[in-house]
Amino acid sequence: MDAETLRLLLAGFLVAMYILAILYLRRRNLTLGEYAFWGLFALFIPALGPFLVIISRPGNIRRSR
């Protein structure tokens, strides 16, 4: 496995983590500003951001009707 493959795997892993964090935020009851803040937080702190978003549990759980 060469360095280019490892970089590609790392980039794919970071994108997958960000997508999971955004999907988690969709289940929370947040205002548009809060959603934007937490989404940008997860994006700009690449390795830890998505984990911190999920651990902090922003907003309330959105209840299904």
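Is Leu 43 buried, partly exposed or exposed? Leu 43 counts as partly exposed because its relative accessibility is 43% (buried is under 20% relative accessible area, exposed over 50%, partly exposed in between, with a 1.4 Å probe and protein chains only).

Some ground rules. This is a predicted model, where local features need pLDDT of at least 70, side-chain atom pairs count only at pLDDT 80 or more, and totals for chains, interfaces and linings use all residues. Residues are numbered from 1 along each chain as its sequence is written, and side-chain values use heavy atoms, with hydrogens and water left out.

Leu 43 sits in helix H2 (helices are DSSP runs of H or I, at least four residues, and strands are runs of E, at least two, numbered from the N terminus). Its C-alpha is 9.6 Å from that of Ile 22, 21 residues away along the chain.

Now the helix pair. H1, residues 3-26, packs against H2, residues 32-44, at about 165°, with the axes 10 Å apart (axes are lines fitted to C-alpha atoms, for helices over the stretch in contact, and angles run from 0 to 180 degrees between N-to-C directions). H1 is therefore roughly antiparallel to H2 (over 145 degrees).

At the contact (heavy atoms within 4.5 Å), Tyr 18, Ala 21, Ile 22, Leu 25 and Arg 26 of H1 meet Tyr 35, Trp 38, Gly 39, Ala 42 and Leu 43 of H2.

Finally, the buried residues of H1 are Met 17, Ala 21, Ile 22, Tyr 24 and Leu 25. Their cover includes strand S1 (28-29), H2 and helix H3 (49-56).

Conventions
Parallel < 35°, antiparallel > 145°, perpendicular 65-115°, else oblique.
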